[in-house]
Amino acid sequence: MSEDEFRGAMARLAAGVVLVTAHDEEDGPHGAPAGMTATAFMSVSLDPPLVLVSVRTASRIDELLERQPLWAASLLAEGERAIAGRFAMKGRLSDKLLFQEVPHALGRNTGAPLLTGALATVECRTEQRVPAGDHTLVVARVLSVGLPAVEGGPLTYYKGRYRHLA
């Protein structure tokens, strides 16, 4: 099996899209927001409430979550495709500039940006980090959730493209 074959098989698995965010206290005199689009995010347990996100090892967000245990995820709505694309780009502008264009509030428990138009938000505290190939699995306890009244369905990722449910 080649890497392309494996990637092709996994592309046939539809996934929800989230924006993983944190406050980087070491970025500038007052810190700065950081974010990354993720499709490998899931609920792990109801009791205690746990979630898991997979991040590329040694990426900026991986390094941040290694030293900053508090972070958040905004579950993106179908109308937030542009936001997902911006935070997925390599070599993009600074996250601080991107967040200036994205309506958000800072989480009470984490200080991480929570998108105003998201279907739901979860604030988390990392409990475990598990190396897994070229990624790190971050297991976190959910500290709080937000369920804004947002119309529409979820943004999904399927066969290499952002999509919405019909």
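The model described here is predicted. In a regular strand, side chains alternate between the two faces of the sheet. Because 7 of the 7 residues of β3 (residues 32-38) are buried, this strand is largely enclosed by the rest of the structure. Strand β2 (residues 18-24) pairs with β3 in the antiparallel sense, over 7 bridges. Within this pair, D24 has A32 of β3 as its bridge partner.

An open sheet is formed by 3 strands in the order β1-β11-β12, with antiparallel pairing. The edges are held by β1 (15-16) and β12 (161-164); each has a single partner strand, so one side of each lacks a neighbour in the sheet. Strand β11 (residues 155-158) is joined to β12 by 4 bridges, and the two run antiparallel. L155 lies opposite H164 of β12. Helix α3 (residues 81-88) packs on this sheet and touches β11 and β12. The direction of α3 makes about 160 degrees with that of β12.

In α3, the buried residues are I83, A84 and F87. These residues lie on the same side of the helix, because they cover an arc of only 100 degrees around the axis. The buried residues of α3 pack against strands β2, β3, β8 (113-115), β11 and β12, and against helix α4 (95-100).

Methods. Residues are numbered from 1 along each chain as its sequence is written. This is a predicted model: local features need pLDDT of at least 70, side-chain atom pairs count only at pLDDT 80 or more; totals for chains, interfaces and linings use all residues. Side-chain values use heavy atoms; hydrogens and water are left out. Two strands pair if DSSP finds at least two bridges between them. Contact means heavy atoms within 4.5 Å. Axes are lines fitted to C-alpha atoms, for helices over the stretch in contact, and angles run from 0 to 180 degrees between N-to-C directions. Buried means under 20% relative accessible area, exposed over 50%, partly exposed in between (1.4 Å probe, protein chains only). The arc is that of the directions from the helix axis to the C-beta atoms.
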